[in-house]
Amino acid sequence: MTRTLDVSVVALPDTGVATMFGVLDVLNSFRLMGIGDPSAAPPFRAGIVGAEAGPLPGVSGVPVPVERSIRDVAATDIVIVPSIVLGPHGWETGRYPDIVAWASRMHEQGALLCSACSGIFLLAETGRFDGRDVTVHYDYAPQLRAAHPGVRVHPERALMVAGSRDELVTSGASTTWHDLVLYLTGRFAGAVLAQETARVFALQWHQDGLAPYMVFEGRSDHGDAVVADSQEWLRTHFSLATPVEQMVVRSGLAERTFKRRFTEATGVSPLAYVQRLRVEEAKRRLERSEDSVEAIGWHVGYEDSAFFRRLFRRITGLSPAAYRKRFRVPIITTPASAPNPDLSRSSPRR
């Protein structure tokens, strides 16, 4: 790279400042933190743009200093829309038509369009992501699919790059903005600087994707009373030996009819639904107990521990042991709480 790229980080009244300032800190840090060749031009100059220049009250109460109005940005190399806090009614399409039009115009002129987490809701309104693969926070995936059915949503992915020029970049849940800034650094400044940036800031690639973080919640808005009754029964009976067969009997329907209705209502087959419930319970026990993997597998309904391990890895992307290592809350010891080796040797009572 021979010049400094202009990066426009978009601020909205709904913007989450943690992601925004994190992106800014990293992309503007190369000289400050001594990353790379100090005599070379920094790879990025990132600034905040918005509908109007000046202080913008942030959704968390922290004011955001908007440096430039979009009216004053005739060209930019990279547009980044950081996380947006969606209210109880979700994203309201059409609230920021001027910013959407500006982002679309920047893309026409060659700019990358990038989102962190829920920032894709704004960028999707440009229409540039129709027919493209994107990612978003897994909790927001159903809303994004409903608002933009032409966009292919993959919430289990940490980073997605699409477009004929690889110019449409989306990152998934929460701290996957790490993946976004490391990707941009590697792409435009080289792998060595990306590795050094990761080291300096202790950033990490989410190489296993986001499946381990996702919590399965079966659809309940389908309106099929028979399936809803089966789902409620499964909540406390998923570990039984033959739950699918018992649901068929409870429903009073023919087996083929029940399985078809269940799949249409929930989006997954009865067997897959049972497996997801069992794995969710196993995840909780791995996080909160000292039970062995074999004991946990047996508790949720699997006598064959090898099959349980394979199923767990297929659904979460991690082995049970790796999942426990990542998500178990560590016990932190401090100098004050750690045993004193001298005092631990008790002297004889007198």
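Start with helix H10, which gives the most to the lining of the largest pocket, with five residues. Helices here (H or I, at least four residues) and strands (E, at least two) are DSSP runs, numbered from the N terminus. The model is predicted, so local features need pLDDT of at least 70 and side-chain atom pairs count only at pLDDT 80 or more, while totals for chains, interfaces and linings use all residues. Residues are numbered from 1 along each chain as its sequence is written, and side-chain values use heavy atoms, with hydrogens and water left out.

**The largest pocket**

A pocket, on a 1 Å grid over the protein atoms alone, is an open set of points where a 1.4 Å probe fits, with protein on both sides within 12 Å along at least five of seven lines; lining residues have an atom within 4 Å of a point. The volume of the largest pocket is about 890 Å³. Which of its 28 lining residues are the closest to its centre? Select Tyr-138, Met-214, Val-215, Phe-216 and Glu-217. By type, the lining divides into 12 nonpolar, six polar and 10 charged residues. Ala, Val, Leu, Ile, Met, Phe, Trp, Tyr, Cys and Pro count as nonpolar, Asp, Glu, Lys and Arg as charged, and the others, Gly among them, as polar.

**H11 against H12**

Next, select 293-300 for H11 and 305-316 for H12; the two helices pack at an angle of about 85 degrees, with their axes 9 Å apart. Axes are lines fitted to C-alpha atoms, for helices over the stretch in contact, and angles run from 0 to 180 degrees between N-to-C directions. H11 and H12 are therefore roughly perpendicular to each other, a term for angles of 65 to 115 degrees. On the H11 side, the contact (heavy atoms within 4.5 Å) is made by Val-293, Glu-294, Ile-296, Gly-297 and Val-300, and on the H12 side by Ser-305, Phe-308 and Arg-309. These contact residues divide into four nonpolar, two polar and two charged.

**Helix H1**

Move to residues 17-27. Is H1 largely enclosed or open? Eight of its 11 residues are buried, so H1 is largely enclosed by the rest of the structure. Buried means under 20% relative accessible area, exposed over 50%, and partly exposed in between (1.4 Å probe, protein chains only).

**Two loop residues**

Most residues other than glycine have a negative phi. Asp-166, in the loop between strands E10 (159-162) and E11 (168-171), has a positive phi, near 55 degrees. Asp-166 is partly exposed, at 38% relative accessible area. Continue to Ser-174, in the loop between E11 and helix H5 (177-189). Its phi is near 45 degrees, also a positive value, and Ser-174 is partly exposed at 40%.

**After H13**

Go to Val-329, in the segment after helix H13 (320-327). Val-329 is exposed, with a relative accessible area of 65%. Draw a distance from Val-329 to Arg-288: the two are 41 residues apart in sequence and 8.0 Å apart in space, C-alpha to C-alpha.

**The whole chain**

Finally, zoom out. The protein chain has 13 helices and 11 strands, and its C-alpha trace spans about 80 × 65 × 35 Å along its principal axes. Of its 350 residues, 46% count as buried.

Terms used:
Angles under 35 degrees count as roughly parallel, over 145 as roughly antiparallel, 65 to 115 as roughly perpendicular and the rest as oblique. Grid points are joined across faces, edges and corners, and a volume is the space filled by probe spheres set on the points.
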